[in-house]
Amino acid sequence: MSVFDSAEPGAIPARETRPASELWRRVKALIKWPFYVVYQRRLESKVRTWRLPRHIGLIMDGNRRFARQQGLGNVSAGHFRGAEKLWEVLNWCYEADVSTVTVWSMSLDNFNRSAKEVRALFDLFEEKTRELTNHDDVHQKGIRVRFLGQIELLPESLQTAIREAEAATSGYDRYRLNIAMAYGGREEIASAFRNYLLDNSAVGRSLDEVADEFSASSIERYLYTSGQPEPDLILRTSGEVRLSGFLLWQSTYSEYYFCDTHWPALRKIDLLRALRSYSSRQRRRGR
């Protein structure tokens, strides 16, 4: 969740030594780079002719593997580079008139990582959330920021930063940025059911009455994304071919695109390929 520019593709971090295989990989990337530029421009020239999604979900996977691959020294550096990448990718989405983007920054399972890594993540999230609150582009573009998940599990200072970001952008409606943090798809559904039952109980309705009238649409307004379109396209980076619980309820009719590139190394060409793939699919929705 950063507004910094990422390093130029193919750039080699300053190090005294690097394995020959890694150097060869980077040499090949530099050789290929001019061809990718031409290919990207070709895709950019066609994007307006495609059928584009209104809502994209992004599973930002591979920060730690990226850090190890790049020899960055620790996984926190990978998370930082991943945070830097987000703003760049958001701008690519906005260029394609994608009005809603939902990103998964931290799952409930991630709390099980080492205390040092989790603490570093919280510090990074707080820093970048405060940047979002005050960043000129957020206000100029009219981006409404919302956080999805069990926010009460986060440190109080981070919760305060989240409330401030949501309040500062609550009047905007041109674009929406949803940040899933301390999020689990099963937990979201369970929470929606719980709140639905509590609301009905509060007005004196019996369990039999609730059960008689219950339908799938009954709990939609209790979901974190209530009032927003369901994701048309979900993109996951780093070569993992699974959802891991991301937007389980909302993704029933979503299209999926899996990219081998680690999140911090994602290129515009990768996103354009995902959009092209989405445009070529027939969305029958069971028909």
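Begin by selecting strands β2 and β4, which pair in the parallel sense over seven bridges; two strands pair if DSSP finds at least two bridges between them. Strands (E, at least two residues) and helices (H or I, at least four residues) are DSSP runs, numbered from the N terminus. Within this pair, V103 stands opposite I179 in β4.

The model is predicted: local features need pLDDT of at least 70, side-chain atom pairs count only at pLDDT 80 or more, and totals for chains, interfaces and linings use all residues. Residues are numbered from 1 along each chain as its sequence is written, and side-chain values use heavy atoms, with hydrogens and water left out.

Keep β2 (residues 100-107) selected. Eight of its eight residues are buried, so β2 is largely enclosed by the rest of the structure. Buried means under 20% relative accessible area, exposed over 50%, and partly exposed in between, with a 1.4 Å probe and protein chains only. H55 can be found opposite T100 in β2.

**The whole sheet**

Now select the six strands together. They form an open sheet in the order β3-β4-β2-β1-β5-β6, with parallel pairing. At the edges are β3 (143-148) and β6 (255-258), each of which pairs on one side only. From one strand to the next, the twist averages 20°.

Six bridges join β3 to β4 (residues 175-183), and the two run parallel. Select F147 and then its bridge partner in β4, I179. Helix α6 (residues 156-168) lies across β3 and β4, running at about 145° to β3. Here, axes are lines fitted to C-alpha atoms, for helices over the stretch in contact, and angles run from 0 to 180 degrees between N-to-C directions.

**Helices α2 and α3**

Two packed helices are described by the angle between their axes and the distance between the axes. Select helix α2 (residues 63-70) and α3: they pack at an angle of about 115°, with their axes 7 Å apart. The two helices are therefore roughly perpendicular to each other. Angles of 65 to 115 degrees count as roughly perpendicular, under 35 as roughly parallel, over 145 as roughly antiparallel, and the rest as oblique. To see the contact (heavy atoms within 4.5 Å), display N63, R64, F66, A67 and R68 in α2, which meet V75, G78, H79, R81 and G82 in α3. By class, this contact has three nonpolar, four polar and three charged residues. Ala, Val, Leu, Ile, Met, Phe, Trp, Tyr, Cys and Pro count as nonpolar, Asp, Glu, Lys and Arg as charged, and the others, Gly among them, as polar.

**Helices α3 and α4**

Display V75, S76, H79, F80, A83 and W87 in α3, which meet E117, A120, L121, L124, K128 and L132 in α4. The residues of this contact divide into eight nonpolar, two polar and two charged.

**The whole chain**

Finally, show the entire chain, with its nine helices and six strands. Of its 287 residues, 48% count as buried. Among contacts between residues at least 6 apart in sequence, 77% join residues at least 24 apart.
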